[in-house]
Amino acid sequence: MGGSGGGGRYHPLTPAQVGQEFLSAGSEIQRQLDQALLAQKLEKLLSLPPSDDLRCLFLDAGQGNCAVVRTPDGRTIVIDCNIEGANDNVVRMLKKAGIADIDVLIATHPDWDHVSGLASLAKHFRVGELWKVTFSKTPDNASPESVEAFREYQSAVAALREGGTRIVNPTVDTYDRVFGGARVEILAPFSRDAADYRDANDACMVVRISHKEKSILFAADTTQATWKELMNRGQVSATVLHASHHGSETGYVPGLMEAINPSLVVVSVGPNPHGHPHEGPMSAYSKAPGGVRRTDDGLVGLQIAPDGTLTFAQ
Ligand SMILES: [Zn+2]
């Protein structure tokens, strides 16, 4: 347009024009992303180049959790990593997408259905940072099998540390981190003192990732006490809720949906002896305009596009 005519006058681009140019540069990728979502080729959300957008995959991790987030600057965040009994193996999926580095690995709490893949990830990837809680399992607060599994988790943490991973214990007081414009907030735990918690679920890390005024709230297996405190603090609104504790009653309180006001709820659940997900919370979650997606129905993928549009597919 216009070229360099007009007497050689300098025409600086307005921010709107720059934005336009940037968007049109990214639009081919956006077109491919839209196609991938439409055709349910959701793994492509990991392999297509970044485009100022945020992508998230909730894996079919069996009765456990695993989500992979790609930030607008192409970093990879893995939130929990169940592999045992999982239909989607996170190691295989990341490798297939050509991802060699996990920038941030978040172990929301040391229950096996959230961390059984930690040793595997430590073996196959360079992990920049591990975010974990301080809670420790002992014979006083956990079953012998659970204490045994906790020892395996501790070995995996040690292997990561030896491999150069920075190990941190963020809390609600930790500064937000920003990756390519996407903000990562820690909403819980409230304390770094392991003695403040009765069990692992009480100590859960709750994470919210926001981009272009949309957000995803990863509730892990957080408990009613934590929800009540977060609701008191007015800190729970989100566009997408990754429901707590596999849709269990213990991860839900009345008024939660009004406080969060999500457009979509995702429940990570698989075959289990606890009756998860429970009917009460599921009926509340189903009131979200976009409804509820369960990972036992398959991989759930979503994208927050550069213009703030949220698209999801399963
Ligand atoms: Zn769990």
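A residue is called buried here if 20 or more other C-beta atoms lie within 10 Å of its own, and the legends below apply that cut-off to a predicted model.

**View 1. Helix H6 and its buried face.** Helix H6, residues 144-162, has 19 residues and reaches 27 Å from its first C-alpha to its last, which is close to the 27 Å expected at 1.5 Å a residue. The buried residues of H6 are Phe150, Tyr153, Ala156, Val157 and Leu160. Seen down the axis of H6, these buried residues fall within an arc of 115°, so they line one face of the helix. An α-helix has 3.6 residues a turn, so residues three or four places apart point the same way.

**View 2. The surroundings of helix H6.** The cover over the buried residues of H6 includes helix H4 (112-115) and helix H5 (118-124), together with strand E5 (126-132) and strand E6 (166-168). Turned away from the buried side, the other face of H6 carries the exposed residues Pro144, Glu148, Arg151, Ala158 and Glu162. Glycine 164 follows H6 and has a positive phi, near 100°.

**View 3. Strand E9 between its pairing partners.** Six of the six residues of strand E9 (residues 206-211) are buried, so the strand is largely enclosed by the rest of the structure. Val206, Arg208 and Ser210 point one way from E9, while Val207, Ile209 and His211 point the other way, and all are buried. E9 pairs with strand E8 (residues 182-188) in the antiparallel sense over five bridges, and isoleucine 209 in E9 is the bridge partner of valine 184.

**View 4. The hairpin of E9 and E10.** Strand E10 (residues 214-218) pairs with E9 in the antiparallel sense over five bridges, with histidine 211 standing opposite lysine 214 in E10. Two residues lie between the strands of this hairpin, in which lysine 212 takes a positive phi near 50°.

**View 5. Alanine 67 in the largest nonpolar core.** The largest nonpolar core has 86 residues, and those with the most contacts inside it are Ala67, Val78, Ile106 and Met205. Leaving aside neighbours within four places in sequence, alanine 67 is in contact with residues including Cys56, Leu57, Phe58, Leu59, Ile79, Phe218 and His242.

**View 6. Valine 265 in strand E12.** Valine 265 belongs to strand E12, residues 264-267, and is buried because 26 other C-beta atoms lie within 10 Å. Apart from neighbours within four places in sequence, valine 265 is in contact with Leu241, Ala243, Tyr285, Ala288 and Val292. Arginine 294 is 29 residues from valine 265 along the chain, and their C-alpha atoms are separated by 8.6 Å.

Methods:
Residues numbered from 1 in each chain as written. Predicted model: local features only at pLDDT ≥ 70, side-chain atom pairs only at ≥ 80, totals over all residues. Helix = DSSP H or I, 4+ residues; strand = E, 2+ residues; numbered from the N terminus. Buried ≥ 20, exposed ≤ 12 C-beta atoms within 10 Å, placed from the backbone. Contact = placed C-beta atoms within 7 Å. Pairing = 2+ DSSP bridges. Core = buried A, V, L, I, M, F, W, Y, C linked by C-beta atoms within 7 Å. Expected span 1.5 Å × (residues − 1). Arc of directions from axis to C-beta.
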